[in-house]
Amino acid sequence: MNKFLDEIFEQPAAIDNVLNFYSGAEGKKKLAEVKAVIDDNKIEQVIFTGMGSSYFISHAASILFNQLKFESLVVNASELLHYNFPILKKHTLLICISQSGESFEIKELLKHLPEGIHCVGIVNEEKSTLACGAEIALPCKGGKEEMTSTKTYVVTSLVAFILAWYLAGEWNDNKITMIKRLRDNFKKWVESYQSKLLGARDFMGEMQTLQIIARGPSFSAASQSALMFKEAVQIPATGILGGEFRHGPMEMVGDGFKAILFAAKGKTFIQSIKMTEDIVEFGGKVLLITNEKVNLPDDNIKQIFIDEPDEFMFSINAVLPVQLFIDDYAKVRGFVAGSFSRGAKVTIIE
């Protein structure tokens, strides 16, 4: 195996690390400290910020916070630093997400935070600038990662969800069971991914560009998937909201158009399936990743089933077949996926 695939295969153990830590005394103490900051300082809104994968994770995390009645929004860290800084005001909790804890924009935000702004870091590297500079640092327990983000995307998403559940009084045996199911799903996939992805590479064929479409929490997975295609196999890919795709980009669809579409059973499942049908009607191809098997007998639709009923857990689980597809796609083209030639794993300049 190559290093990219090694790190994909390490994900079940990484999920276990998160579960063990946050179901134990030390992890619960960290979560309680965040709740105390919110309660003691009468926090009225939460702002998630990050760059790259960490920014994408923030979208699903913010949706979960809002559904659990914690008002939240997402602002890209660079845009927050340069254009939206005035929204950092009293009674705001800033949650900085950075897997390395050394991203340039996050470090600059920490330097310039107004007095009285409380900052929580969700971070994988426990001795990093963010881990040391945040008022409270929630570790992701993903272990060392060298290639394009795979396991750190998964564990960072989990930590953000666990925080939301804890604050809402829902970090309980039911959620622990959900995470165990997620871990087991990952194990099953990495043990038999060749059969689960059988025919996917031939179905997609050569790709010059790729649209990756989703709604709700799965937009995080779509954005992360697009980044992996760009970083790991240098294919121009765009993660786009399903609603936005209706407003103009649908005009691109025709012969040769290819998309990956995430359709999770939930509030917008019907819309996602209708979009799949419309893309095919206009001449495109869709690799449909879904947790609800649907009858779509068309040669230009290939379904990949994810056995995860929860819409938020699906947004984590659904990225796994894309990771494995990218590794397979790279191999048949004679190069190793996931290494960096023009940038670096950690971006330290702006």
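Biologist: Which residues line the second largest cavity?

Modeller: This is a predicted model, and the general idea is simple: rolling a probe the size of a water molecule over the atoms shows where empty space is left. In this structure the second largest cavity, with a volume of about 30 Å³, is lined by Ile-57, Ala-60, Tyr-153, Ser-157, Phe-161, Ser-220, Ser-315 and Ile-316. Two or more lining residues come from each of the elements α4 (53-67), α8 (151-167) and α14 (311-317), and α8 gives the most, with three residues. Divided by class, the lining of the second largest cavity has five nonpolar residues, three polar ones and no charged ones.

Biologist: How many cavities of 30 Å³ or more does a search of the whole structure find, and which residues line the largest cavity?

Modeller: The search finds two cavities of 30 Å³ or more, and the largest holds about 40 Å³ of space. Its lining consists of Arg-215, Ser-218, Phe-262, Ala-263, Ala-264, Thr-268, Ser-272 and Glu-311, which by class are three nonpolar, three polar and two charged residues.

Biologist: Turning to the sheets, in what order do the strands of the sheet that contains β7 stand?

Modeller: Strands of a sheet pair through backbone hydrogen bonds, either parallel or antiparallel. Here an open sheet of five strands has the order β7-β6-β8-β9-β10, and its pairing is parallel. Because β7 (237-241) and β10 (301-305) stand at the edges with a single partner strand each, one side of each is left without a neighbour in the sheet. From one strand to the next, the twist averages 20 degrees. Packed on this sheet is helix α11 (residues 218-233), which touches β6, β7 and β8 (258-263) and whose direction makes about 170 degrees with that of β7.

Biologist: How many bridges join the pairs β6 and β7, and β8 and β9?

Modeller: Strand β6 (residues 210-214) pairs with β7 over five bridges, in the parallel sense, and within that pair Ile-212 stands opposite Gly-239 of β7. The parallel strands β8 and β9 are joined by six bridges, where Phe-262 has Ile-289 of β9 as its bridge partner. As for cover, strand β9 (residues 285-290) has five of its six residues buried.

Biologist: Are the faces of strand β5 covered or open?

Modeller: Both faces of β5 (residues 136-139) are covered, with Ile-136 and Leu-138 buried on one side and Ala-137 and Pro-139 buried on the other. Strand β4 (residues 118-123) runs parallel to β5 and is joined to it by four bridges, where Ile-122 stands opposite Leu-138 and Val-123 stands opposite Pro-139.

Biologist: Which residues of helix α6 are buried, and against what do they pack?

Modeller: An α-helix has 3.6 residues a turn, so residues three or four places apart point the same way. In α6 (residues 104-112) the buried residues are Glu-105, Ile-106, Glu-108, Leu-109 and Leu-110. They pack against β1 (45-49), α5 (77-82), β3 (92-98), β4 and α7 (129-133).

Key
Residues numbered from 1 in each chain as written. Predicted model: local features only at pLDDT ≥ 70, side-chain atom pairs only at ≥ 80, totals over all residues. Heavy atoms only, no water. Buried < 20%, exposed > 50% of the residue type's maximum accessible area, 1.4 Å probe, protein only. Pairing = 2+ DSSP bridges. 1 Å grid on protein atoms, 1.4 Å probe; cavity = no way out; pocket = protein on both sides within 12 Å on 5 of 7 lines; lining within 4 Å. Points joined across faces, edges and corners; volume = space filled by probe spheres on them. Nonpolar A, V, L, I, M, F, W, Y, C, P; charged D, E, K, R; others polar. Axes fitted to C-alpha atoms, helices over the stretch in contact; angles between N-to-C directions. Contact = heavy atoms within 4.5 Å.
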